[in-house]
Amino acid sequence: MRNARGGRFALGAVVVAVPLVLALIGPALAGEPGPRAASFTLGDGHRLGTDFVGRDVWRQVLHGGRPVVLTALTATVLAYLVALPVGLFGALTRRRRVEELLMRPLDVLLAVPSLLLILLVATVFSPGAVGLALLVAVVNVPDAARLVRAAATEIAARPAVEALRMQGETWWRTAVGYVGRSMLRTLAADAGTRLTGVLYLVATAAFLGVGVAPDAADWAVMVDRNRTGLFVQPWAVIVPALLIVALTTGTNLLFDAALDRGARRGAPTRTPRIPRIPRTRAVGTGVRSRAEKGARP
């Protein structure tokens, strides 16, 4: 079992490392752009052929990962920066009206499909990469805040929290020092799933042309713009699509293996033995212990 967990962790690290390395150091390895060739051609010094406007696909791949990764990471961090204090305050406050005031607007926002909300905003404004990250963060705040509130409510009902309140501890120490630390595993599990969903949403929005230019060096844009030549020059579509899949799949594998390893490490090695208590004679009854039954008067 330990080898299986270690193998899953190593597999997730390798799978997610390929797109991350390309996204982080790819632009430094791309070099200067060469002259454009014919659209959807192979060979002539182009490792992966050319795209729909004759640009080198390999160079576009090296440049296209950073916008996807940075936008997804920024959106995930921004979503938790808002969801954590809202969820914690909603769970720890004893005022029902304050909790309703915090959570009910988020429920209304949660009822609107995420992609539809992004497209509606994009019809009014033209968001860039920063605007796309903000939009994706906003649509993820309601779900993340509800999860934080649910996990914090269960922890806030423990006697330890009531003891901290009776001792006069500050709200910050109770919420962050105890409740926040107790729900770290829940947040870590949600972060892996949420990052995958954010990557999907960012790639889908870029695929639809939201937040990026139509000819931008972006993996999702490459899939969209080059799909017309899929059967002529497939590498322009297959390579960026595989990198997006590797990024999402590797992230899930890595988080699952890390959480499983943490759970195994924190579990007790063996069940403690419960000492056997000998039965003694009750006062005023005829019940005797085994030792007394075997002893002579």
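Student: Over which residues does pLDDT stay under 50, and how many contacts beyond four places in sequence does the model have for them?
Tutor: This is a predicted model. The stretch is residues 266-293, where pLDDT stays under 50 and the model has 10 contacts beyond four places in sequence. For the chain, the average pLDDT is 80, and 85% of the residues score at least 70.

Student: Which elements have the lowest and the highest mean pLDDT?
Tutor: Helix α11 (residues 290-294) has the lowest, at 47, whereas α2 has the highest, at 90.

Student: What makes up the secondary structure of the chain?
Tutor: The chain holds 11 helices and 0 strands. Of its 297 residues, 37% count as buried.

Student: Why is Ala191 called buried?
Tutor: Its relative accessibility is 17%. The term buried requires a value under 20%, so Ala191 counts as buried. This residue lies in helix α8 (residues 184-207).

Student: Which residues is Ala191 in contact with, leaving aside its neighbours within four places in sequence?
Tutor: Ala191 is in contact with Tyr80 and Phe255. A contact requires heavy atoms within 4.5 Å. The C-alpha atoms of Ala191 and Phe255 are separated by 8.4 Å, and the two residues are 64 residues apart along the chain.

Student: What share of the contacts in the chain with a separation of 6 or more comes from residues 24 or more positions apart?
Tutor: Such residues account for 71% of those contacts.

Student: Why is Val21 called partly exposed?
Tutor: The relative accessible area of Val21 is 42%. Buried means under 20% and exposed means over 50%, with partly exposed in between; therefore Val21 is partly exposed. Val21 is placed in helix α1 (residues 2-30).

Student: What is noted about the phi of Phe40?
Tutor: Phi of Phe40 is near 55 degrees, a positive value in a residue other than glycine. Most residues other than glycine have a negative phi.

Student: Is Phe40 buried or exposed?
Tutor: At 17% relative accessibility, Phe40 falls under the 20% cut-off and therefore counts as buried. Phe40 is found in the loop between α1 and α2.

Definitions and conventions. Residues numbered from 1 in each chain as written. Predicted model: local features only at pLDDT ≥ 70, side-chain atom pairs only at ≥ 80, totals over all residues. Heavy atoms only, no water. Helix = DSSP H or I, 4+ residues; strand = E, 2+ residues; numbered from the N terminus. Buried < 20%, exposed > 50% of the residue type's maximum accessible area, 1.4 Å probe, protein only. pLDDT = per-residue confidence, 0-100.
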